[in-house]
Amino acid sequence: MHGSQDDPQKLWVPKRDTFLREFIRLEGCRDTMWFQACHGIYRCKNEPVVHCRDCESLQMHCQSCIVSCHCAMPLHNVEVWTGKYFQCTALHDLGLQVQLGHPVGHVCCNPSPAFDDEFILLDTNGIHHIALNFYKCESAQAHAIQLLCVCWYPATTTDPHTAATFWLLDHFQMYTFESKGSAFKYYQALSRLSDNTGTKRPKDRYEPLLHMSRQYHHLIALKQAGRAHDITRTLSMKPGELAVVFPACLQPGMNLPVDWTDAPADKRWLYGLFLGIDANFRMCRCNKSSEDVDPSEQWLGILCRTKWI
């Protein structure tokens, strides 16, 4: 039997009001030391009215300092003190410009703003609108390659207006592996992280998320199969070449003797084949895709209709 001293819930109940008081304190300007002066640039005299929700501190900054401090963290969520409460806003609205192709804080001599000066980026903490500048220097690469250089996966290969961070695509894969949740529910969670009131919903980027995740994980499979180091890359790939050997399948020399066909009569039952039938309700999904839609099918060797089923 466990006593009350071993029950975390019973130990927490007497401290409940203390916890609640701290929650309310965090809704305001916190302690006096945090909002009396700007904690950005040394000896900054501007009024500190902005707080970053993603930085691990309670420090307050003025508008110009919060922008300069987040040049390398453009996807953080910030809030502005109105005098009575904190109002959520975006670094984009405070004047942050993200420049690709140059060190953080450097300005390109020939910048190329994204379409309508608004670029949509999906990350694990929400859907962000950022002011993005591509670079058009002499060594400039295509816009999609510029995004890949900063670990942002473009939604399209020509003139992309949307991208997703590599961390989000990895997180989404783990989410689907463990929870078996749908992509739609995952996207809805991202949308609610950005606006949980439903009054300022971000632009719908559900379909681009589906395309980006499939392309990204197909590229990961190619990389793990060593295709990036092959001189022919993907041109000489054969059906099933990306498939991972299932350890339960019998493989001579691995989990089956090489000479298993020569086993004596009293041992042949060890290598008998037993066939069972079970319902597979997900096979209907095969009718919703094709080898033309998903280029990875023919190499994974799982869903190809003509050879593998």
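How many helices and strands are there in the protein chain? The chain has 10 helices and 9 strands. Both are DSSP runs numbered from the N terminus: helices are H or I with at least four residues, strands are E with at least two. This is a predicted model, in which local features need pLDDT of at least 70 and side-chain atom pairs count only at pLDDT 80 or more, while totals for chains, interfaces and linings use all residues. Residues are numbered from 1 along each chain as its sequence is written, and side-chain values use heavy atoms, leaving out hydrogens and water.

Start with the whole chain. Of its 309 residues, 30% are buried. Buried means under 20% relative accessible area, exposed means over 50%, and partly exposed lies in between (1.4 Å probe, protein chains only). The accessible surface is about 21,200 Å², and carbon and sulfur atoms hold 57% of it. These areas come from the Shrake-Rupley method with a 1.4 Å probe; for residues, only the protein chains shown count as cover. Contact means heavy atoms within 4.5 Å. Among contacts between residues at least 6 apart in sequence, 47% join residues at least 24 apart.

Now the interior. In soluble globular proteins, nonpolar side chains tend to be buried together. A nonpolar core here is a set of buried Ala, Val, Leu, Ile, Met, Phe, Trp, Tyr and Cys residues joined through side-chain atoms within 4.5 Å. The largest such core has 16 residues, and Leu122, Leu168, Leu169 and Leu209 have the most contacts inside it. At least two of its residues come from each of β6 (119-123), α7 (166-179), α8 (183-194) and α9 (206-224). The most come from α8, which gives 4 residues. Beyond its neighbours within four places in sequence, Leu209 is in contact with Leu122, Leu168, Leu169, Tyr186 and Tyr187. Another core, of 14 residues, lies apart from this one; Leu100, Phe119, Leu121 and Ile130 are among its members.

Look next at α7. This helix has 14 residues and spans 20 Å from first C-alpha to last, close to the 20 Å expected at 1.5 Å a residue. The expected span is 1.5 Å times one less than the number of residues. Leu168, Leu169 and Phe172 are buried in α7. Seen down the axis, the buried residues of α7 fall within an arc of 100°, so they line one face of the helix. The arc is taken over the directions from the helix axis to the C-beta atoms. Cover for these buried residues includes β6, β8 (152-154), β9 (162-165), α8 and α9. Trp167, Met174 and Glu178 are exposed on the face turned away from the buried side. Just after α7, Lys180 takes a positive phi of about 60°.

What does His70 touch, not counting residues up to four places away in sequence? Its partners are Cys52, Cys55, His76, Leu91 and Leu96. His70 sits in the loop between α4 (63-69) and β2 (78-81). It is buried, at 1% relative accessible area. The His70 side chain reaches the backbone oxygen of Ile66 at 2.9 Å.

Arg43 lies between α3 (32-35) and β1 (50-52), with phi near 65°. Arg43 is exposed, at 64% relative accessible area. Cys151 lies between α6 (143-148) and β8, with phi near 65°. Cys151 is partly exposed, at 28%.

Key. A polar contact is a pair of N or O atoms within 3.5 Å; within protein, one must be able to donate a hydrogen and the other to accept it, and residues adjacent in sequence count only if both atoms are side-chain atoms.
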